[in-house]
Amino acid sequence: MAVNSGMAHLSDTLFTTAIAIYTLAMICYAAEYAFGRRGRIAMTSRTTPAKVLVRAGAGESRDVDSRAPRVTKPISPNRSGRTSAVGDRFGRIAVGLTVIGAVVHASSIAVRGAAVDRVPWGNMYEFASVVGLIAVLAFLISLARAPQIRYLGLFVMLPVILVMFLAGTVLYAKASPLVPALQSYWLAIHVSAAASAEGILMTSAVITVLFLTRQRYDKRVAARLPVRFPISLGGRLPEPATLDRVAYRAVAFAFPIYTFGVIAGAIWAEAAWGRYWGWDPKETWAFIAWVIYAAYLHARATAGWKGRSAAWINLLGFSAMTFNFFVVNIVISGLHSYAGLN
Amino acid sequence: MNAPRKRPAHTAVLRILRRGWRRLISMRTALVLLFLLAVAAVPGSLLPQRPLNPSKVDAYLAGHGAWGRFLDRLGLFDVFGSAWFAAIYLLLFVSLVGCLVPRIRLHAKAIRAKPLPAPKHLERLPESGHFETSASVEDASAASRAVLGRRWRVVRRDEGGGVRTLSAEKGYSRETGNLIFHIALLAALILIAVGRLFSYQYNFVVNEGDGFCNGVVPDSSRLGRLAQDGAISPAPFCVQLNQFTATYLSSGEPSKFTAKVSYNKTVSAPAQAATITVNHPLRIEGDRVYLIGHGFAPKITVRMPDGTTREDVQAFLPRDPTTLLSEGAFKEYGKQGANTDVGIEGFFAPTPADTGGGVITSVSPDVNNPILGIFIYQGTINATGLPQSVYSLDTTKLSRTGQANLQIGQTVRATNGVTVTFDGWVPWASMQISHDPSQDYLLIAGVAMVLGLIGSLGIRRRRLWLRITPSASDDPSSLTVVSVGGLARSDSGNFSSEFASLLERLEAAVGPAPEPELVGAGRE
């Protein structure tokens with residue numbers, strides 16, 4: 001049960017390093033995004049270089065943006081908005097850094113687990129770190145399947161770095177063994193299911209924000225209204241319908257995992273606390289978030305609720321889940337007070 | 001013009017009822033009810049709840065006056081037992097049943113139905129494409145059927161003029177999964193209700209060395225409405241706490257709680273040994289015995305005013321969950337009405353530390369030279385005869401005769417000649433017997449829910465049509481044309497790429513035209 005302090009220290013160092021690498025990656029994604037746009041404006045005014053035509057032409061970008069971009073400039077064949085040579089270089093570096101960052105991040109988690117000789121998600125710091133890693137891995141896997149989404153890396157890295165920063169500062173807890181209530185194999189099952197679901201739902205929430213941005217952008221452009229900063233990012237985002245579908249698919253994938261996580265939690269609660277459900281604040285908010293995501297899935301199939309309304313429900317669900325993680329753990333006392341923040 | 005005929009009143013009522021029913025079972029209502037359910041649950045986590053923590057509720061009521069009483073009248077201190085919370089979920093329940101019954105009927109029909117005939121203009125479908133082949137209509141049709149394989153349900157139709165269509169459909173089990181999920185959800189709700197009605201919980205505080213029996217005078221209990229007090233299922237059993245150990249890290253964090261018990265399944269059965277830890281209750285035929293909490297029971301010897309001595313051991317309640325500084329009372333009754341009761345109120349500090357001025361607190365839950373701090377009283381302990389808490393003393397009819405902080409073995413003498421010796425301590429454990437007859441079935445329903453969800457969200461519902469048009473008989477250079485159109489009836493997966501690869505496989509299997517040419521696999 002003793003803690004290996006050398007390894008615990010190494011884990012902390014790796015964690016900080018991972019944040020640093022992710023930050024560099026984010027800067028490169030931002031550069032790709034920025035240079036890409038300048039590149040496109042330049043291209044639309046000149047004749048398009050053949051090289052770009054080949055790369056961004058036919059099939060590969062179809063799913064991201066197959067319809068004509070709503071710009072008043074002459075239409076460029078570079079429809080997905082993919083990038084000048086400079087932007088492309090930045091994008092490649094960004095992906096490389098993300099992979100290195102993910103490896104360092106994963107080692108940090110593994111070493112922490114080895115240091116305390118248990119699953120490395122026993123407190124809020126460790127849990128947040130795992131959620132961040134899952135979000136990054138989800139992005140990298142999607143990237144392997146659809147390389148054209150690379151320029152969206154900025155919007156994935158931003159929340160991941162935010163979560164990890166909070167984990168490393170506000171939520172940080174020293175490596176220590178588990179309290180008796182957590183000494184159960186259900187910790188591995190229940191918490192990993194919750195972390196996976198939350199990582200994926202976080203990705204879905206990010207995509208939903210992009211969807212709302214793109215929709216607002218389209219509406220303003222159609223009405224010939226001026227487009228200011230955060231909304232102006234929408235010009236290079238994928239089609240709203242695509243974003244909406246991807247956000248839905250992420251929820252459709254995560255929802256059964258989340259349901260399983262809650263049921264696993266109930267089984268564990270039956271063994272640990274004498275009842276499978278007791279409306280403990282954590283349970284109550286897990287229920288609230290579950291109901292809201294269920295409402296999202298129904299809303300997407302109901303006329304009049306599709307699109308914008310459903311998107312807001314998705315964000316509401318994510319807010320409930322975030323509330324459950326931060327506020328319920330830190331502010332409201334209950335049986336799930338394992339934060340290690342006292 | 002005729003005046004509108006007056007309908008009989010009962011038809012109007014029926015119509016209103018029918019309209020109300022339709023509205024109730026609509027998806028829109030279900031959505032609103034889902035939101036209401038989520039919103040209604042919020043105060044249940046933000047306000048103290050009576051079933052979870054009655055003393056916190058009392059404190060809130062005391063501190064908030066009229067506002068607190070107003071909230072109480074709304075039932076906000078027992079949200080999940082309140083009538084309005086029940087109203088929401090019962091409406092949702094009814095709405096769900098009303099929605100499910102017709103859907104089950106529809107799905108039963110859909111499962112047996114043949115795929116629909118091909119629409120006239122396949123190119124207007126969300127996904128479409130066509131290719132030419134030198135194969136005959138018959139061969140192209142057979143090869144296409146082979147490509148689709150067993151996962152697609154396919155119907156062949158002839159449209160005249162030698163034109164052949166194939167209608168294909170797959171993913172029927174998506175709706176099956178959906179229905180299974182919702183039926184399992186309904187079953188789960190019913191099972192939860194049944195469990196609540198028939199469940200019971202008995203709580204005991206047991207000093208090491210003592211025992212307790214199922215249903216026999218518990219320290220507290222919580223019974224389902226249809227569970228009778230003292231209900232026991234299937235048979236009475238007794239548990240004896242032989243040894244309780246708590247181990248801590250040097251930081252004071254707990255690392256292990258273990259209760260060694262022996263139990264008899266029935267009164268006459270031989271004793272069996274078992275170990276109960278926090279995540280491992282003892283399961284005895286339908287009942288579970290849990291280790292819920294623990295504390296200290298100091299042992300004292302009192303010499304009473306009349307010269308007799310008494311030995312006593314009393315469980316003290318932890319006031320601080322991290323250091324286990326505990327409080328409690330001893331009540332030694334003398335002759336009734338003689339004002340010779342000795343009452344002792346005090347605290348137990350497992351690892352004491354002097355905070356200055358002789359005020360003792362505890363710095364660790366681990367026991368290390370513990371101190372028992374006591375106030376000694378004499379008089380009448382229970383003047384009213386009403387039940388009292390065993391952990392505190394009502395000092396209105398008592399007068400203080402002494403006080404001391406004792407280490408083990410030390411004795412204090414009060415002004416009236418009463419002496420109190422701190423002999424030592426034993427640990428106590430709070431144990432809980434729980435019974436819920438429906439929870440095993442509930443687990444089955446839960447598993448069915450997850451499986452249903454996976455099917456309902458993961459399975460891809462697709463429709464596909466092929467129209468195979470023969471070559472023009474008067475033009476030897478013309479070829480057989482295969483037009484394909486597809487429709488995704490669910491958003492799962494990426495149908496565009498599925499369709500594209502299916503089209504490729506179809507063309508490869510049917511056999512390409514002499515000059516292979518893939519035309520227009522675009523989406524719009």
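The model is predicted: local features need pLDDT of at least 70, side-chain atom pairs count only at pLDDT 80 or more, and totals for chains, interfaces and linings use all residues. Residues are numbered from 1 along each chain as its sequence is written, and chains are lettered from A and ligands numbered from 1 in the order in which they are written.

**Chain B as a whole**

The C-alpha trace of chain B spans about 130 × 75 × 55 Å along its principal axes. Its radius of gyration is 38 Å, whereas a compact globule of 524 residues would have one near 24 Å. This radius is taken over C-alpha atoms, and the globule rule is 2.2 Å times the number of residues to the power 0.38. Chain B has eight helices and 23 strands; helices (H or I, at least four residues) and strands (E, at least two) are DSSP runs, numbered from the N terminus.

Domain bounds come from an automatic or database domain assignment.

| Domain of chain B | Residues |
|---|---|
| Domain 1 | 9-110 |
| Domain 2 | 115-171 + 460-510 |
| Domain 3 | 196-294 + 432-446 |
| Domain 4 | 298-426 |

The C-alpha centres of domain 1 and domain 2 of chain B lie 49 Å apart.

**Burial, a loop and a helix**

A residue is buried if 20 or more other C-beta atoms lie within 10 Å of its own, exposed if 12 or fewer, and partly exposed in between, with C-beta atoms placed from the backbone. Buried residues make up 33% of the 524 residues in chain B.

Gly385(B) lies in the loop between strand E18 (371-379) and strand E19 (398-407) of chain B. Gly385(B) is exposed, because 6 other C-beta atoms lie within 10 Å.

Helix H7 (residues 439-458) of chain B has 20 residues and reaches 28 Å from its first C-alpha to its last. Buried residues of H7(B) include Leu442(B), Met449(B) and Leu453(B). Among the elements that cover the buried residues of H7(B) are H8 of chain A and helix H6 (173-198) of chain B.

**Nonpolar cores**

A nonpolar core is a set of buried Ala, Val, Leu, Ile, Met, Phe, Trp, Tyr and Cys residues joined through C-beta atoms within 7 Å. The largest has 177 residues, and Val251(A), Ala254(A) and Ile292(A) touch the most other members. Helix H8 (residues 240-273) of chain A gives the largest share of this core, 21 residues. Apart from it lies another core of 21 residues, including Leu464(B) and Trp465(B).

Technical notes:
Expected span 1.5 Å × (residues − 1). Contact = placed C-beta atoms within 7 Å.
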